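Please read this briefing alongside the sequence and the model.

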Amino acid sequence: MMLAISDMVILAFFFLLRPGEYTGTSSNTTPFTLRDIQLFVDKQRVNLLTCDDNILLATTFGTLEFTTQKNGVRGEVIGLGSTPEYFCPVKALQRHVLHLRTNSA
């Protein structure tokens, strides 16, 4: 549980400092789903539903798509590259996707 929370903190730090409405729980918020995440090995997009875990863990670039925002920008995509540290947005996305797949999300 604590690892999942730490990954959410990492994702919030790197991706959500601007559109904070994605972290709320009221009925007018839009949470991220698996379809909002994209991961890449070099420039090749990985199929998050069917790829092998080793390929998923080899990804070096990740994006989140903001489908709705208060500022009216629809479909904005924010992407970040990986770092060698634990506090890495791509590694946090990898772990989050693995968690979602393990739990049939």
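Contact is used here for heavy atoms within 4.5 Å. With neighbours within four places in sequence left aside, T63 is in contact with D36, I37, Q38, F40, V77, I78, G79 and L93. This is a predicted model, in which local features need pLDDT of at least 70 and side-chain atom pairs count only at pLDDT 80 or more, while totals for chains, interfaces and linings use all residues. Residues are numbered from 1 along each chain as its sequence is written, and side-chain values use heavy atoms, with hydrogens and water left out.

**Overall architecture**

- The protein contains three helices and four strands, where helices (H or I, at least four residues) and strands (E, at least two) are DSSP runs numbered from the N terminus.
- Read from the N terminus on, the elements follow the order α-β-β-α-β-β-α.
- Of the contacts with a separation of 6 or more, 55% are between residues 24 or more positions apart.
- The accessible surface comes to about 6600 Å², and 59% of this belongs to carbon and sulfur atoms; the areas come from the Shrake-Rupley method with a 1.4 Å probe, and for residues only the protein chains shown count as cover.
- Buried residues account for 34% of the 105 residues, with buried meaning under 20% relative accessible area, exposed over 50%, and partly exposed in between (1.4 Å probe, protein chains only).

**The nonpolar core**

- The largest nonpolar core has 20 residues, and those with the most contacts inside it are I37, L39, L48, L56, L93 and V97; such a core is a set of buried Ala, Val, Leu, Ile, Met, Phe, Trp, Tyr and Cys residues joined through side-chain atoms within 4.5 Å.
- Helix 1, strand 1 (37-41), strand 3 (61-66) and helix 3 (89-102) are the elements that give two or more residues to this core, and the largest share, six residues, comes from helix 3.
- L48 is in contact with L34, I37, Q38, L39, L56, V97 and R101, leaving aside its neighbours within four places in sequence.

**Helix 3**

- Helix 3 has 14 residues and reaches 20 Å from its first C-alpha to its last, close to the 20 Å expected at 1.5 Å a residue; the expected span is 1.5 Å times one less than the number of residues.
- The buried residues in helix 3 are P89, V90, A92, L93, Q94, H96, V97, L98 and L100, and the buried residues of this helix pack against helix 1, strand 1, helix 2, strand 3 and strand 4 (76-81).
- Helix 3 is followed by S104, which has a positive phi, near 55°.

**Salt bridges**

- The structure holds two salt bridges, each defined by a side-chain nitrogen of Lys or Arg within 4 Å of a carboxyl oxygen of Asp or Glu.
- D7 forms a salt bridge with R95, with the closest N and O atoms 2.7 Å apart; because D7 lies in helix 1 and R95 in helix 3, the pair ties together parts that are 88 residues apart in sequence.
- D7 is buried, at a relative accessible area of 6%, whereas R95 counts as partly exposed at 24% relative accessibility.
- The side chains of R101 and D53 meet in a salt bridge (2.3 Å, N to O); R101 lies in helix 3 and D53 in helix 2 (residues 53-57), so this pair ties together parts that are 48 residues apart in sequence.
- R101 is partly exposed, with a relative accessible area of 21%, and D53 is also partly exposed, with a value of 40%.

**Strand residues T63 and L80**

- T63, whose place is in strand 3, is buried, with a relative accessible area of 6%.
- L80 is found in strand 4 and is partly exposed, with a relative accessible area of 23%.
- Not counting residues up to four places away in sequence, L80 touches F14, F15, F61, G62, P89 and V90.
- L80 and L39 are 41 residues apart in sequence and 9.9 Å apart in space, C-alpha to C-alpha.

**Surface and loop features**

- M1, M2, I5, V9, F13 and F87 make a nonpolar surface patch of about 680 Å²; patches are made of residues with over 30% relative accessible area and no salt bridge, like charges being joined within 9 Å and nonpolar side chains (Val, Leu, Ile, Met, Phe, Trp, Tyr) within 5 Å.
- V9 has its place in helix 1 (residues 2-15) and is partly exposed, with a relative accessible area of 46%.
- D42 is found in the loop between strand 1 and strand 2 (44-45) and is exposed, with a relative accessible area of 63%.
- Although D42 is not a glycine, its phi is positive, at about 55°; most residues other than glycine have a negative phi.
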